[in-house]
Structures are given as C-alpha cells and as structure tokens.
Amino acid sequence: MDTQTKAPHVANEFSIDELGLASRNHAMPLEALCYSCTPVGLHYLLIHYDIPQVDATTWRLTVNGAVAHELTLSLDELRALPSVTQQVTLECAGNGRGLLSPHVVSQPWLGEAVGTAEWTGAPLSAVLAQAGIDATAVEALFTGLDRGIDGGEEQDYARSLTLAEATRDEVLLAYAMDGAPLLPQHGFPVRLIVPGWYGMTHVKWLSSVTLLTEPFQGYQQSHAYRVRATSEDAGTPVTRMKPRALMIPPGIPEYQTRIRHLRAGSCTLRGQAWSGWGAITRVEVSDDAGQTWHDASLGDAASAYAWRPWSFAWDAASGAHELCCRATDSAGNVQPLQAAWNTGGYENNSVQRVRVVVA
C-alpha cells in the first residue's frame, strides 16, 4: 500500500457551509472507546441552532396539553423528585453521512458521532403521572429553548414520542451528566434522555412537555429525520439506533491520512458495540476488508442501554490490511458491509474500515 495515498473520498467535496457545521459540532475521538463512560469533553455533540443562555433560577418546565392539571416545575423541584442514574449510549442519526456517495450535504460525520454517559434525572413517567394523563392523549411533544430556521421555517426545536414510548420507565428528564450538572452544550439545565433512540430524540434545553391528542406534524418530525430514497418519498421515521461496532485503531497514525502503523506480531484489537434494538450478541473482526470474519470476545455492558466492550487477539502479519468490525444484536440485525443511501444520510451503520500497515 502507498502510505501517502489520501483517504477514500466521495465524489463531491465538502462545502464551506458543511465545514462551518463541522467546526461547531464535534465527534468522539476513536481512542476514547477505551472508556466505559466517555469523558464529558470527548462525548459527541450536535447542536442544531445556538446554545441558549439559561438562568437556572428562573427556568421552569411546563407540563401541559391533555393532562388533568398543568404542572410547572423549577429545577430544584425536579431535582427533589425520586431520581434514576443510568449509563446510556447516544449516537447521531447522521453518523457516517460523510462517507456516503452520492454526497449528502449536511453535518459531515464519518463514524465517531457517539458517546456514552451516566445520566441522572427524574423518570418522565412519574412526572406525567403527577400531571395526570388524559385518555385522549396519544403523543408527548418535547420542545427545547433552541430556536432557528430549518426548511425555511422559523421554529423551536421540537420532537414527539408516542405515549407508549414516552412512558417507558427508562426515559428521563435528565439534569446531570456523569454526576455533574449538564454543561451548556449538553442541554443545561434539563434534557430528555430516551435510551435506545438516535440523538435527535434527546431534546436539549427542555422547556415544555405537551401531551397531544393527535400526532405532531412539526418540521423535525414530519420532514427531517426520515429515511427517503428520493425527495418525493414520504419516507420512514428514524427511531432506534441500528447495531454498530467500532474499534480503537491500533498502532500509531499518520497525521493527515490516519493510516495506522504497527509492528508485526500479537496485537489485541478492542472496541465497543451497541444497538437500540436489543443487546449485542456478537462482534466479528476481519483483517482482509470483510472477506473473512472471526468472532471477538464480548465483555459486559454497564447497562442495558450502554455499549458493550469487545476484544480480539489479532496476529498482525507484515503488509497492508484493512481491518473491519461488525455487530449483531439480539433482534438479529447485522451491520452491512455497504451503506444504504438515502437523501438525509441517516442510519449509515456500514462496517468501520481501518487501514493498517504492519512493518
């Protein structure tokens, strides 16, 4: 392999607009896969609009709509409720978009838009029970304080969940991340945590929860975050995370190409795997670009909604290799070798590929 060869690239170059998005948002360095719980500063971030400035002393969460009586909770009142702490892996729905061809114009993630944190908060179901759920309610709408323009429409960022999903025991109104108050960029003072779902669902800077008597038709629900083959296609909604395995690239990198270099001999490959559709039951590793596969050893996940560690003893022979890893979950979903293209660049969970030169 010519070690000076540039990394594979899509046909179209990234635009200045996309570079601006990439400079505002950030991915998790793959070496951070060594942590069971991602350090806060390394956890991935996607911020749709601006980070709102919020005064915790005057902030209030309103619970309204199809409820017996409207609630207004201060941060102190929310923190006084019984709390739950759980480790949850979050991944952006557009993770892998930058690798798609034809090129999809948006935040150009490669494969590292993920992170795992320990979230603390009050179960949403308990708060809704306190408000009293009307029999006519079908969805819960979550509205954030971040405001901007999407699709030519000025809007607060808002997403909904069916009542069945919203009242799952593990759905939280989170006010702490890894034992500390949320940082501004992570949704201070309160954000939604919906274990198993892609990151667009975890509404940050939460201002209200509204129970609806009919499905929400806002932009982020009916237009964005839908898998479409063409722009005319109504599409299917993006929901739970598809299975994905990532490895810590072995050896040392070349600065620009990120091609890895290491010495021949025994090498332990390590990484993490996760899925929103069930527990990870298998991780496989290939050193020949996916032609042959070998089972990796699985460790224990910290929770039902956190990634699962894996390892593989690789006998690194001299020469050029393309390492791959793929995950299988308990629902039988397996990572594909190639991405299924769609207009939004969502749900690209094709296998990771790491180019390695062994001396």
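Let's start inside: the largest nonpolar core holds 65 residues, and Leu78, Trp119, Leu124, Phe142, Leu173 and Tyr225 have the most contacts within it. Such a core is a set of buried Ala, Val, Leu, Ile, Met, Phe, Trp, Tyr and Cys residues joined through side-chain atoms within 4.5 Å, where buried means under 20% relative accessible area with a 1.4 Å probe, protein chains only. Strand E7 (residues 172–177) gives the largest share of this core, 6 residues; strands (E, at least two residues) and helices (H or I, at least four) are DSSP runs numbered from the N terminus.

A word on the source: this is a predicted model, in which local features need pLDDT of at least 70 and side-chain atom pairs count only at pLDDT 80 or more, while totals for chains, interfaces and linings use all residues. Residues are numbered from 1 along each chain as its sequence is written, and side-chain values use heavy atoms, leaving out hydrogens and water.

Now for the sheet. Its 5 strands form an open arrangement, E2-E1-E10-E5-E6, with mixed pairing; two strands pair if DSSP finds at least two bridges between them. Strands E2 (71–74) and E6 (153–162) stand at the edges with a single partner strand each, so one side of each has no neighbour in the sheet. Within the sheet, E5 (residues 139–150) and E10 (residues 206–212) run antiparallel, joined by 6 bridges. Glu139, for example, has Leu212 in E10 as its bridge partner.

Helix H3 (residues 124–131) packs on this sheet, touching strands E1 (60–65), E2, E5 and E10; contact means heavy atoms within 4.5 Å.

Note on methods: Buried < 20%, exposed > 50% of the residue type's maximum accessible area, 1.4 Å probe, protein only. Axes fitted to C-alpha atoms, helices over the stretch in contact; angles between N-to-C directions.
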